[in-house]
Amino acid sequence: MATMARVLLAALVALLVVVGPCHARPAPRPTASLAAQGQGTVDGITAIYNFGDSLSDTGNLLREGAAGMLQHTTALPYGSAIGGATGRCSDGHLMIDFLARDLGLPLLSPYLDKGADFTHGVNFAVAGATALDAAALARRGVAVPHTNSSLGVQLQWFKDHMSATTKSPQEFRDKLARSLVMVGEIGGNDYNYAFTANRPAPGGERSFYNIGRMVTGVVEAMVLVPEVVRSITSTARELLDMGATRVVIPGNFPLGCVPSYLAAVDERDPAAYDGNGCLAALNLFAQMHNVLLQQGIRELRAAYPDATIAYADYFYAYVQMLRDAGKMGFDGGSLTAACCGAGGGAYNFDMERMCGAAGATVCARPEERISWDGVHLTQRAYGVMTDLLYHRGFASPAPVHFQRTT
């Protein structure tokens, strides 16, 4: 297995050399507000339109009907920090909630809540959603277990909504010009499903059969990357054509730091891990996605020079959070352990006993943990991520200019 980890690491390094350079991200500098530059404040944002998956769903899957491993996300202990489950995959609020509050806007209601007030935006994100539609993934041998509300479906929802709430094409464009459009994070589930379909079978963790399954999952996920990135950038292009002027496109998290992946691989060779305790090969895979995505974003910027098209660097924001965990009040001994889960050990994650299932327990102090359920973050971690992204320069160029408070 140690040899296999090194083989996968070498293959991923070679691929990154081919697709483009991946430099370490420099330490960000706080972004000066436009007021500080003598140009007045920017607010100007009257609505947010969000597309994505479980990282930003505020209740769409709950209304579709959650099943499988996501069925527990619609009941306690999910939402325990905010008075009850709302369909958010955390103990409380998500990044999209914190961002809305920072902008002085109401929390976004899910599109499928037909009685909601959508004056200040709509959340189209659905937990379990993919960048590619189910048919495209099926052609690659990847099944979609939770929802068919892919990015393409969400985009159609957006068009339907805007057509129903505006009276002319110009009103449509004017409304969109005053909005912040979030295209993701999405695409992670396309890879998750490829990996999950080939996860090691119980027992015989170091068998050649299990090694073969893991290699198959990596290869299938790698093949998907260009298509996933193309789906994201094509969606952004369509939104820009419709009149969007401020678009945020997030990259992928460092998958090798996520407890569910760490537990699934369960690599014993110390050489497979980086200085943050994350699996280097999986992080390189995530960077492969991010490098291609940034290349696509550069092309969009060239085609739409008058628009602000920000790359939200989820990868390095998460890494920064890990590195500064102690200063931020997180439990340094549990950075890769799920707060809510089962199995104990370094990761406290068991695919058969996920958060909310029988036998799963919740840690005493979720506010000191980064991972909520082994896949998603805690409310506290999402708040830290939001601050790093939108107030400390990890989303660049800044899609919103906030007044400096320090």
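A cavity is a set of points, on a 1 Å grid over the protein atoms alone, where a 1.4 Å probe fits but cannot get out, and its lining residues have an atom within 4 Å of a point. The structure examined here is a predicted model, in which local features need pLDDT of at least 70 and side-chain atom pairs count only at pLDDT 80 or more, while totals for chains, interfaces and linings use all residues. Residues are numbered from 1 along each chain as its sequence is written, and side-chain values use heavy atoms, with hydrogens and water left out.

A search of the whole structure finds two cavities of 30 Å³ or more, a volume being the space filled by probe spheres set on the points, with grid points joined across faces, edges and corners. The second largest cavity holds about 50 Å³ of space. Its lining consists of Leu55, Phe253, Val258, Pro259, Tyr318, Ser371, Gly374, Val375, His376 and Leu377. Seven of these residues are nonpolar, three are polar and none is charged (Ala, Val, Leu, Ile, Met, Phe, Trp, Tyr, Cys and Pro count as nonpolar, Asp, Glu, Lys and Arg as charged, and the others, Gly among them, as polar).

The largest cavity has a volume of about 90 Å³. Among its lining residues are Asn50, Leu55, Met95, Glu185 and Tyr390. Helix 3 (residues 95-102) gives the most to this lining, with three residues; helices (H or I, at least four residues) and strands (E, at least two) are DSSP runs numbered from the N terminus.

Strand 1 (residues 47-51) is largely enclosed by the rest of the structure, because five of its five residues are buried (under 20% relative accessible area, with a 1.4 Å probe and protein chains only). Ala47, Tyr49 and Phe51 point one way from the strand, and Ile48 and Asn50 the other way. Strand 1 pairs in the parallel sense with strand 3 (residues 179-183) over five bridges, pairing requiring at least two bridges found by DSSP. In this pairing Phe51 stands opposite Val183. Strand 1 also pairs in the parallel sense with strand 2 (residues 121-123), over three bridges, and Tyr49 stands opposite Val122.

The largest nonpolar core has 114 residues, of which Phe158, Ile249, Met321 and Met385 touch the most other members; such a core is a set of buried Ala, Val, Leu, Ile, Met, Phe, Trp, Tyr and Cys residues joined through side-chain atoms within 4.5 Å. Helix 8 (residues 208-242) contributes the largest share of this core, 12 residues. A second, separate core of six residues includes Cys339, Cys340, Cys355 and Cys363.

Technical notes: On a 1 Å grid over the protein atoms alone, a cavity is a set of points where a 1.4 Å probe fits but cannot get out, and a pocket is an open set with protein on both sides within 12 Å along at least five of seven lines; lining residues have an atom within 4 Å of a point. Buried means under 20% relative accessible area, exposed over 50%, partly exposed in between (1.4 Å probe, protein chains only).
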